Amino acid sequence: KFKTVALAALLAIVMIGCTMNYPISATSNPVGAKVGVADGMAILGIFTFFGDASIHNAAKNGGITKISTVDFKITNYYFFQKYECVVTGE
C-alpha cells in the first residue's frame, strides 16, 4: 500500500503545473478570426526540443499574413517547460 501512495504522490508532483501568459505585441491591424499556434518544450529551461515556438511559425500554422496580436504562454511542470506562441490576425 505504501508503494501505491508513494507512486501517486510522485505522479502528482510531476504533473503539477503553473501557466503564465504574456502579451508580446499588438499592431494596428484589426483582430481577425484566424489563430495560429506554435509550441516547443524544454527540459530544466536549458535543453530545447520538440518544436519551434516562433511568431513566424505560429502565423504560418494559422495561415495569417497580417498579424494583430502575439501572446506567449509558458507552462512550467516539475522538470520541463512548454512554450506556446499564439498569433491572431487575418
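The legends below describe close-up views of a predicted model. Local features need pLDDT of at least 70, side-chain atom pairs count only at pLDDT 80 or more, and totals for chains, interfaces and linings use all residues. Residues are numbered from 1 along each chain as its sequence is written, and side-chain values use heavy atoms, with hydrogens and water left out.

**View 1. Overall fold of the protein.**
The protein has 2 helices and 5 strands. Helices (H or I, at least four residues) and strands (E, at least two) are DSSP runs, numbered from the N terminus. Their order along the sequence is α-β-β-β-α-β-β. The C-alpha trace spans about 60 × 20 × 20 Å along its principal axes. The radius of gyration is 17 Å, whereas a compact globule of 90 residues would have a value near 12 Å. This radius is taken over C-alpha atoms, and the globule rule is 2.2 Å times the number of residues to the power 0.38. Of the 90 residues, 22% count as buried. Buried means under 20% relative accessible area, exposed over 50%, and partly exposed in between (1.4 Å probe, protein chains only).

K1 sits in the segment before α1 (2-15). K1 has a relative accessible area of 84%, so it is exposed.

**View 2. Strand β4 and its two partners.**
Strands pair if DSSP finds at least two bridges between them. Strand β1 (residues 18-26) runs antiparallel to β4, joined by 8 bridges. In this pairing A26 stands opposite T69 of β4. β4 also pairs with β5, again in the antiparallel sense, over 9 bridges. Here D71 faces V86 of β5. A hairpin of 3 residues connects β4 to β5.

The model holds 1 aromatic pair. F72 and Y83 form it, with 6.1 Å centre to centre and 25° between the planes, and the pair is stacked. Rings of Phe, Tyr and Trp (its six-membered ring) pair if their centres lie within 6.5 Å; planes under 30 degrees apart count as stacked, over 60 as edge-to-face and the rest as tilted. F72 lies in β4 (residues 67-76) and Y83 in β5 (residues 80-89), so the pair ties together parts 11 residues apart in sequence. F72 is partly exposed, at 22% relative accessibility. Y83 is partly exposed, at 22% relative accessibility.

**View 3. The salt bridge between K73 and E84.**
The whole structure contains 1 salt bridge. It joins K73 and E84, whose closest N and O atoms are 3.5 Å apart. K73 is in strand β4 and E84 in strand β5, 11 residues apart. The term requires a side-chain nitrogen of Lys or Arg within 4 Å of a carboxyl oxygen of Asp or Glu. K73 is partly exposed, at 30% relative accessible area. E84 is buried, at 16%.

**View 4. A nonpolar surface patch.**
I13, I43, L44, I46, F47, Y78 and F79 make a nonpolar patch of about 730 Å². Patches are made of residues with over 30% relative accessible area and no salt bridge: like charges are joined within 9 Å, nonpolar side chains (Val, Leu, Ile, Met, Phe, Trp, Tyr) within 5 Å. Accessible areas come from the Shrake-Rupley method with a 1.4 Å probe; for residues, only the protein chains shown count as cover. L44 lies in the loop between β2 (34-43) and β3 (47-49). L44 is exposed, at 51% relative accessible area.
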